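Biologist: Hi! I'm new to this one, could you walk me through it?
Modeller: Happy to, let's bring it up.

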Amino acid sequence: MAAVDDIYLPKDLKEVRSTFDGKWTLDAASGCWVWQACLNRAGYGRFNWPYPRQSVLAHRAAMLIYRRCDAKQFDVCHHCDNPSCVNPDHLFIGNRHMNMQDAIAKKRFAVGRKYPHAILDEGAVRAIRTDNRTYKQIGATYGVSWRTVRMVRQGRSWKHVT
């Protein structure tokens with residue numbers, strides 16, 4: 001799949017826009033244009049761009065079609081936090097750092113035990129913070145590395161646990 005910046009943007013977008021507009025429906029409550037066609041695993045829409053024929057993320061295609069904005073090396077972010085939304089009024093251009101900070105601020109990341117690969121839980125974190133043994137000894141008890149124990153003790157991980 002070619003990058004969005006490689007897409008040839010035709011001067012006349014009527015046909016592309018007509019095809020695109022047939023693939024979303026308006027959610028009156030939120031104002032989102034909800035993509036009804038193919039979605040990827042993360043819930044983002046896929047659109048078959050015709051010139052040249054390739055699949056692109058639908059919200060990127062929306063920015064190209066409605067704003068004539070080619071994001072190139074930037075992220076197309078959602079104000080509405082709905083990955084299937086393609087309403088250009090709900091989209092903005094940002095860099096990866098801005099996008100991640102926005103997701104963190106809106107609590108869109110799994111933290112603590114909700115994170116699928118977590119070994120510790122909130123109770124273990126509280127116990128680690130009060131344990132006076134060495135990092136290595138504590139790590140052996142909980143099945144984690146001494147570095148993980150240090151991160152917990154320094155408050156650099158599991159920050160949400162008080």
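Biologist: How are α1 and α2 set relative to each other?
Modeller: In this predicted model, the axes of helix α1 (residues 14-21) and helix α2 (residues 58-67) cross at roughly 140 degrees. Angles over 145 would count as roughly antiparallel, so α1 and α2 are oblique to each other.

Biologist: Within what distance do the axes of α1 and α2 come?
Modeller: They come within 11 Å, and α1 passes α2 in a left-handed crossing.

Biologist: Switching to charges: how many salt bridges does the structure hold?
Modeller: There are 6 salt bridges. One of them links Asp81 with Lys106, with the closest N and O atoms 3.4 Å apart. Asp81 is in the loop between β5 (75-78) and β6 (91-94), while Lys106 is in the loop between α3 and α4 (122-130), so this pair ties together parts 25 residues apart in sequence.

Biologist: Nice! Which residues make the nonpolar surface patch?
Modeller: Met100, Ile104, Phe109 and Val111 make that patch, which is about 340 Å². Ile104 sits in helix α3 (residues 96-105) and is partly exposed, with a relative accessible area of 48%.

Definitions and conventions:
Residues numbered from 1 in each chain as written. Predicted model: local features only at pLDDT ≥ 70, side-chain atom pairs only at ≥ 80, totals over all residues. Heavy atoms only, no water. Patch = residues over 30% accessible without salt bridge, like charges linked within 9 Å, V, L, I, M, F, W, Y side chains within 5 Å. Areas by Shrake-Rupley, 256 points an atom, 1.4 Å probe, with all protein chains shown as cover. Salt bridge = Lys/Arg side-chain N within 4 Å of Asp/Glu carboxyl O. Helix = DSSP H or I, 4+ residues; strand = E, 2+ residues; numbered from the N terminus. Buried < 20%, exposed > 50% of the residue type's maximum accessible area, 1.4 Å probe, protein only. Axes fitted to C-alpha atoms, helices over the stretch in contact; angles between N-to-C directions. Parallel < 35°, antiparallel > 145°, perpendicular 65-115°, else oblique. Left-handed = near helix turned anticlockwise from the far one by under 90°.
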